[in-house]
Amino acid sequence: MLGFVAQRLLYLVPVLLAVSLLTFLIASLLPGDLAYTILGDQATPEKVAALRHDMGLDQPIWWRYLSWLGNVLQGDFGRSFRTGQTVLQAVAERLPVSLELMLLAQLGALTIGIPLAIACAVRSGSAFDRFMTGTAFSMLSVPAFLSAILLIYLFAVELRWLPATGYIPFHEDPLGNLRCFLLPALTLALGEWPVLMRVLRSDMIQTLQEDYIAMARAKGLKPSRILLVHALKPSSLTLVTVTGINIGRLIGGTVIVESIFALPGIGRLLLSAIFTRDLIILQGVVLIVALGYVLINFIVDLLYAILDPRIRHGHA
Amino acid sequence: MTGPALLSVEGVAVDLPTPRGNLRAVDHVDLSIGAGRTLGIVGESGCGKTMLSRAILQLLPKKAKLTGRVMFDGQDLVRLDRERLRKLRGRSLAVVFQDPMTSLNPVLTIGTQLIETLQEHLELDSVAAKMRSIELLAAVGIPAPEQRLMQYPHQLSGGMRQRVAIAIALSCEPQLLIADEPTTALDVTIQAQILDLLAREQRRRHMAMIIITHDLGVVAGRTDEVAVMYAGRVVERAPTPDLFKRMRMPYTEALLAAIPKIDAKPHTPLPAISGRPPDPTRPLRGCSFSPRCKYAWAQCLIEKPGLEDADSPGHQYACFRPLAAGVPA
């Protein structure tokens, strides 16, 4: 198992290098000159040239990449030329918000998706199954901004149970913090459970036809044990993959949901960096988010090995 | 048959809906087996023998329709409620499936799969269940049983996996073991070992056993009675020695002739049964074997023969033109 982990970690090195290169290229290939952006349209060519020299923009691109990468490896992702905040500070401020939102959304999606998937797989083809599959499909086509507005209308405007927007830090009021995350998390969960349910349902239907399930029934095991131990574990690989992808995606925050609910997360940080052409922040945040994504996928790989011993032993 | 039957299958038929129409997989089969006895069910692939075993265990696919009665120990399994059926399965009624590569759960350890059965049916704490699992694995001839408990099925060879499956089946001392082609998926060298193991454990535990196979050679020395199935029906049944000495049904004869003989000259062509079994979604009016039978005459094509008693006791066959009694094949 240790060898397996080391091997997977080694695979990460080229992936991370490629990610850093792409991030850098995207930011540097954007149209517009950073020095002009900082100084404004009225700047004299001399001042622009001087700033370009100070920022190293007159160096060849590969040199700029290497020096940026060198700084990044030392933990220096740069500093916003607008706010003076370092990238790390900005991310440290916003990340907990996006992480909490992501975590609650995933928990919500899994809590809705897994039981429904099992229930549908057991009665596959029944009226219940067809109804749930249809519901899932229609939920899938509801965009987040629509379900957000409907949820706000129902829970904030009509019932007045939850705040419509706003953010209270956890250390100030844990319960209030949770309350303001519920609606945005539910919005995201509503968009995600159908995917989780559909992949788990179809894997589960296949697993339930395996000989070892017939064997488990022939052994006289309780139906709950057959479903939750014998069938769920081997059926959950795709579910884990999709959940991993969702988590990775949500580390980068969600622009729409964070904007609607006024949550100060990574998504809104990125959005404002784009609007203000704050390329240093943009580049740094994208890299950190990509690192998170790669890390989550690494964890998913490890989960595969935990779920399926054949992968652990290199048999599959 | 001596004593009251432990299991009796009465008029069991299994229908499977398919896109091409209804498929009658098992067609009014009557069989019975007494405590401690061994019954062999023989037939080629698709003759319904596996469906029959699934029908006995109530493990048919959801869409399948089962009619008839399966009386086990005085209860009709077909009409038994789920919870009582569950308590019987694994406890009194156990099964070994054909392919040990697929019948053990790949993501659970051998230990988990053994211990869960023991703890489901017997009041054992985890230490006692573990001890008993080690004993069981040792009894079925698995070396270093303690370490095997921690291993996963893919870490064992096919023969070892089938031994594990047998250990699981034997774990709660069942009254009846159904072995569904227990050696078909295994290497030839392992087959005899597994059959001997089953026979030994059966004698030791005084349990009844049904061996399902396509190989008359497998049932020859190991069963008390044999039922030959063709196209979903039992076409001949007899005490084993009687069947081999005085077989009446041409299909049984053809099946026996298809076994390679050790004393045959090299390069002798095997007398394979020509043709294929009939399409089970298009049942024939006459005897199902008639298109492939070298003795068939007009009556065989129009009328379906029923099971008739032969001269020797316990021997029945379904044929209008039986082989002459007393002629060894």
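## Exercises on a two-chain predicted model

Leaving aside neighbours within four places in sequence, B:Val235 is in contact (C-beta atoms, placed from the backbone, within 7 Å) with B:Val228, B:Met229, B:Tyr230, B:Met249, B:Tyr251, B:Phe289, B:Tyr317 and B:Ala318. This is a predicted model, where local features need pLDDT of at least 70, side-chain atom pairs count only at pLDDT 80 or more, and totals for chains, interfaces and linings use all residues. Residues are numbered from 1 along each chain as its sequence is written, while chains are lettered from A and ligands numbered from 1 in the order in which they are written.

**Exercise 1. Find which residues of the largest nonpolar core touch the most other members.**

Step 1. A nonpolar core is a set of buried Ala, Val, Leu, Ile, Met, Phe, Trp, Tyr and Cys residues joined through C-beta atoms within 7 Å. Buried means 20 or more other C-beta atoms within 10 Å of the residue's own; exposed means 12 or fewer, and partly exposed lies in between.

Step 2. Read off the residues. The largest core has 162 residues, and A:Val285, B:Val228 and B:Val235 touch the most other members.

Step 3. Find the main contributor. Helix H5 (residues 87-122) of chain A gives the largest share, 17 residues. Helices (H or I, at least four residues) and strands (E, at least two) are DSSP runs, numbered from the N terminus.

**Exercise 2. Decide whether B:Ala231 is buried or exposed.**

Step 1. Locate the residue. B:Ala231 lies in the loop between strand E9 (225-230) and strand E10 (233-239) of chain B.

Step 2. Count. B:Ala231 has 24 C-beta neighbours inside 10 Å, so it counts as buried.

Step 3. List the contacts. Not counting residues up to four places away in sequence, B:Ala231 touches B:Cys47, B:Pro277, B:Pro278, B:Pro280 and B:Ser288.

Step 4. B:Ala231 and B:Arg24 are 207 residues apart in sequence but 8.7 Å apart in space, C-alpha to C-alpha.

**Exercise 3. Classify the packing of H5(A) and H11(A) by angle.**

Step 1. Take the geometry. H5(A) and helix H11 (residues 237-251) of chain A pack at about 155 degrees, with axes 9 Å apart. Axes are lines fitted to C-alpha atoms, for helices over the stretch in contact, and angles run from 0 to 180 degrees between N-to-C directions.

Step 2. Apply the classes. Under 35 degrees is roughly parallel, over 145 roughly antiparallel, 65 to 115 roughly perpendicular, and the rest oblique. H5(A) is therefore roughly antiparallel to H11(A).

Step 3. Name the residues. H5(A) brings A:Ser98, A:Met102, A:Ala105, A:Gln106 and A:Leu110, and H11(A) brings A:Thr243, A:Asn246, A:Ile247, A:Leu250 and A:Ile251.

**Exercise 4. Describe the side of chain B that touches chain A.**

Step 1. 24 residues of chain B are in contact with 19 residues of chain A.

Step 2. Helix H2 (82-88), helix H3 (100-103) and helix H4 (110-121) of chain B each give two or more residues to this side. H4(B) gives the most, four residues.

Note on methods: Two residues are in contact if their C-beta atoms, placed from the backbone, lie within 7 Å.
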